Amino acid sequence: MATLRGSRLCSLTHMTTTIRQLPADDPAQVAAFEARIAAGESIEPKDWMPVRYRSQLTRMMSQHAHSEIVGMLPEGNWITRAPSLRRKQSLIAKVQDEAGHGLYIYCGTETLGVDRFDLYNQLLDGTAKYSSIFNYPTLSWADMGVIGWLVDGAAIVNQTILAKTSYGPYARAMVRICKEENFHKRQGYEICMTLAKGTPAQREMLQDAVNRFWWPSLMMFGPSDTHSPNTAELLKWRVKRKTNDELRQRFINLTVPQAQELGITLPDPDLRYNAETKNWDFGPIDWSEFQEVIAGNGPCNRERLEARRAAHDEGRWVREAAAAHAAKRSQATAAA
Amino acid sequence: MAESEELGIAAGEAQAGVRAVAGTSRGPVLGPPMVEYLLRLGDDRLILGHRLSEWCGHGPILEEDIALSNMALDLIGQAASLLRLAGEAEGTGRDEDALAYWRDGVQFRNALLMELPNGDFGFTIVRQFLVSAHSVFLWEALLAAPHAGLAGVAAKAIKEAKYHLRHTSEWVVRLGDGTPESHGRVQRALDDCWRYTGELFAQDEIDTAVAALSFTVDMAAIRSRWDQVVDDVLQRATLTRPADAAMRRGGRVGRHTEHLGHLLSVMQIVARSHPGATW
């Protein structure tokens with residue numbers, strides 16, 4: 001984390017930059033752009049890109065950054081109760097990694113001409129979205145294992161593909177983030193394995209956490225392809241490389257053997273291996289629950305946003321002081 | 001797990017070949033000097049690291065979330081090493097987790113300053129600044145301790161403490177010399193912390209016994225260097241150094257504030273709910 005230790009206060013104290021004017025799309029430029037995409041080239045910040053490409057990436061990257069920041073809360077909830085010093089250290093390090101990922105992706109969005117503070121304000125005023133999984137509560141220590149295993153596991157399936165996305169800065173961010181997420185997943189699975197081999201109460205705790213997190217983890221891949229409004233365009237521009245349903249199936253295929261290894265039951269009576277497709281078939285997802293959570297009516301939506309707003313509000317005097325001090329310093333330097 | 005203090009003393013005596021410092025009938029019962037010494041160092045860092053970890057996800061800016069977590073990680077890492085050494089010195093088979101999770105409040109040896117609630121960001125920063133300045137000079141002295149384990153911890157911890165000192169000094173200056181509001185908040189935090197700083201430098205029969213056994217730390221020299229650093233930063237921060245009035249102490253012998261019990265009830269709940277479980 002040494003690279004993150006340096007203070008970046010200067011960039012934090014200016015709070016007002018608006019989205020730059022975007023050029024209107026010229027069909028010849030769009031054609032040239034699409035030819036580059038088709039040739040597998042990577043798009044870089046200074047390259048011409050369609051307005052929609054820019055806005056789709058801004059949407060995806062900012063949702064991703066918000067998810068990292070809000071995602072600190074459900075796991076942060078157990079830092080003070082971690083049952084051993086080793087677990088406490090690795091949980092703090094994990095949540096800290098998430099802050100680092102958020103910061104990294106927010107900075108990535110700035111290459112698209114937006115200001116991270118504008119994006120952050122959209123999170124605080126409730127207009128921006130973040131991953132619905134973080135609106136579920138963490139109710140036992142086992143949740144720290146299951147979130148690492150299932151939630152980070154699902155994120156990795158998504159992000160491994162995103163590491164091949166056509167936008168260079170996002171792809172490179174994903175390569176780095178995936179390495180850390182893989183570590184988090186292993187750590188989570190190891191917590192699960194320790195609980196699975198533990199006392200009856202620990203095994204019960206693990207099964208209960210899996211029961212609560214299995215379906216929400218599957219929903220992390222987003223709506224089914226038939227109901228995903230953005231998929232076609234994102235695939236065409238190779239922002240996305242696989243559909244939501246393809247990624248979901250891949251996650252399930254990877255996860256079922258891991259659940260068997262743990263000796264726990266996945267809460268889906270329809271889950272069975274299909275020898276023909278070589279996939280694990282699964283039961284219907286309750287999309288009404290997903291829609292409710294997305295609409296702000298999940299178990300913790302209000303609490304998560306409230307926690308972010310409280311931190312922001314309680315930190316205002318600190319940010320103002322840093323800005324005031326920086327101004328005094330630059331005046332003193334100018335006068336000298 | 002041997003919960004009896006008496007058993008701890010007996011085993012420690014047998015191993016270290018020294019007399020335990022026995023409590024008077026009205027005073028607290030203390031263990032063998034080296035065990036007590038290591039517990040004091042370890043508990044300071046465990047409790048302060050725990051307090052810092054409470055900030056995770058709630059900092060005023062993302063960069064500070066990361067920095068406060070960094071410091072929490074450093075301190076808890078140091079605590080784990082020190083408590084492991086304390087357990088080895090005790091010789092009854094208690095490891096760092098047994099010591100962190102299965103002692104009651106009166107058995108903790110941290111200075112009172114560490115256990116105070118976080119307050120606002122200014123309080124957390126001022127406390128961390130005062131403690132880090134102390135830690136830098138203490139670790140510097142302990143680098144030469146004829147105790148391989150402790151000197152090893154010191155070699156790693158001094159680098160961490162120097163970073164903590166630099167980071168918190170910068171913030172004390174920013175907040176002190178920022179806005180009228182930040183100046184007022186951080187001056188109040190300094191005034192509130194001050195009466196707990198005396199305990200950081202206090203020496204008692206445990207230090208005397210450790211000196212007779214192995215090594216001594218020149219606390220007066222540490223105090224004088226601490227004074228210099230603190231005065232310098234406070235001056236740059238336009239803050240007023242509080243007067244050395246009555247100092248609060250007691251943590252070193254298990255006489256804590258009411259806050260520690262609440263901290264431990266959270267920290268120990270999962271471990272204590274499942275005796276014998278591994279995590």
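Predicted model: local features only at pLDDT ≥ 70, side-chain atom pairs only at ≥ 80, totals over all residues.

Biologist: Why is the pair B:Asp207 and B:Arg40 called a salt bridge?

Modeller: A salt bridge needs a side-chain nitrogen of Lys or Arg within 4 Å of a carboxyl oxygen of Asp or Glu. For B:Asp207 and B:Arg40 the N to O distance is 3.7 Å, so the pair qualifies. B:Asp207 sits in helix α10 (residues 205-213) of chain B and B:Arg40 in helix α2 (residues 33-53) of chain B, 167 residues apart. Helices here are DSSP runs (H or I, at least four residues), numbered from the N terminus.

Biologist: What makes B:Asp207 and B:Arg40 count as buried?

Modeller: Buried means under 20% relative accessible area, exposed over 50%, and partly exposed in between (1.4 Å probe, protein chains only). B:Asp207 has 14% and B:Arg40 has 7%, so both fall under the 20% limit.

Biologist: What about B:Arg84 and B:Glu96, which form a salt bridge?

Modeller: Their closest N and O atoms are 3.2 Å apart. The pair ties together helix α3 (residues 62-90) and helix α4 (residues 96-101) of chain B, because B:Arg84 lies in α3 and B:Glu96 in α4. B:Arg84, at 36%, is partly exposed, whereas B:Glu96, at 15%, is buried.

Biologist: How many salt bridges are there over all chains?

Modeller: The structure holds 36. One network of them links B:Arg223, B:Asp227, B:Asp231, B:Arg241 and B:Asp244.

Biologist: Why are α6(A) and α7(A) called oblique?

Modeller: Axes are lines fitted to C-alpha atoms, for helices over the stretch in contact, and angles run from 0 to 180 degrees between N-to-C directions. Angles under 35 degrees count as roughly parallel, over 145 as roughly antiparallel, 65 to 115 as roughly perpendicular and the rest as oblique. The axes of helix α6 (residues 85-110) and helix α7 (residues 116-124) of chain A cross at roughly 120 degrees and come within 9 Å. That angle belongs to the rest, so the helices are oblique to each other.

Biologist: Which residues of α6(A) and α7(A) make the contact?

Modeller: With contact meaning heavy atoms within 4.5 Å, α6(A) contributes A:Leu103, A:Tyr106, A:Thr109 and A:Glu110, and α7(A) contributes A:Arg116, A:Leu119, A:Tyr120 and A:Leu123.

Biologist: How much area do chain B and chain A bury between them?

Modeller: Buried area is the accessible area (1.4 Å probe) that two parts lose on being put together, summed over both. For chain B and chain A this is about 4,400 Å², 69% of it on carbon and sulfur atoms. In chain B, the residues losing the most area to chain A are B:Leu62, B:Glu63 and B:Trp279, together 17% of what that side buries. By contact, 50 residues of chain B meet 51 residues of chain A.

Biologist: What makes B:Asp177 and A:Lys328 a salt bridge?

Modeller: Their closest N and O atoms are 3.0 Å apart, so the pair meets the 4 Å criterion. The count between chain B and chain A is 2 salt bridges.

Terms used:
Residues numbered from 1 in each chain as written. Chains lettered and ligands numbered in written order. Heavy atoms only, no water. Helix = DSSP H or I, 4+ residues; strand = E, 2+ residues; numbered from the N terminus.
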